[in-house]
Amino acid sequence: MEQTFVILKPSTISRSLVGDVMMRFQRKGLIIAGIKMMQLDEAILREHYAHLADRPFFPLILKSMMATPVIVMVLKGKDSVAVVRSLTGATNCRKAEPGTIRGDFGMSGQENIVHASDSPENAAIEIALFFTPEEIFDYELPTMSALYAPDEL
């Protein structure tokens, strides 16, 4: 099963949307393989957003992402990167389709509820940045046969 990485951003924490957002992932059938709450600092954000660190808006990202603790998660499932990206919707919440997490819960391009890995390669990098191997668990849900056909497992 593929793994992906998700951050429930400060906008999720501040608006008490953690349960609603996590429920979307779980109801889809994704497995939470790792989860923890943490306060992000500038060092980890500079590494995580290295591709944006030289942009003029980066100080706004730092301020936003350090406003409250966040919840980081490793989700597991067949094609989990694409599935999570589909569930989250467009980066700019105003352009996200209704029914997606951002489309239903957000109004901003920056305060956009969640970060989700954009590729399996980036998911592996992000997971290694935020989790130790001991913090990621490998288990199956008892409902796996109701989620997947036998040839998909």
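**Briefing: fold, surface and an aromatic cluster**

F5 is buried, with a relative accessible area of 0%; buried means under 20% relative accessible area, exposed over 50% and partly exposed in between, with a 1.4 Å probe and protein chains only. The model is predicted, so local features need pLDDT of at least 70 and side-chain atom pairs count only at pLDDT 80 or more, while totals for chains, interfaces and linings use all residues. Residues are numbered from 1 along each chain as its sequence is written, and side-chain values use heavy atoms, leaving out hydrogens and water.

**Overall fold**

- The protein has eight helices and four strands, where helices (H or I, at least four residues) and strands (E, at least two) are DSSP runs numbered from the N terminus.
- Along the sequence these elements follow the pattern β-α-α-β-α-α-β-α-α-β-α-α.
- The protein is as compact as a globular protein of its length, because its radius of gyration is 15 Å, close to the 15 Å that the globule rule gives for 153 residues. The radius is taken over C-alpha atoms, and the rule is 2.2 Å times the number of residues to the power 0.38.
- The C-alpha trace spans about 50 × 35 × 25 Å along its principal axes.

**Burial, contacts and surface**

- Of the 153 residues, 46% count as buried.
- Among contacts (heavy atoms within 4.5 Å) with a separation of 6 or more, 75% come from residues 24 or more positions apart.
- The protein exposes about 8200 Å², of which carbon and sulfur atoms supply 55%; accessible areas come from the Shrake-Rupley method with a 1.4 Å probe.

**Aromatic cluster**

- A search of the whole structure finds two aromatic pairs. Rings of Phe, Tyr and Trp (its six-membered ring) pair if their centres lie within 6.5 Å; planes under 30 degrees apart count as stacked, over 60 as edge-to-face and the rest as tilted.
- F5 and F130 are stacked, at 4.8 Å centre to centre with 25° between the planes. F5 lies in strand β1 (residues 2-8) and F130 in helix α7 (residues 120-130), so this pair ties together parts 125 residues apart in sequence.
- F5 and F131 form an edge-to-face pair, because their ring centres are 6.5 Å apart and their planes are at 80°.
- F131 is buried, with a relative accessible area of 6%, and F130 is also buried.
- Ring pairs link F5, F130 and F131 into a cluster.

**T88**

- T88 lies in helix α5 (residues 80-88) and counts as buried at 1% relative accessibility.
- Not counting residues up to four places away in sequence, T88 touches F25, T100, I101, R102, V114 and A116.
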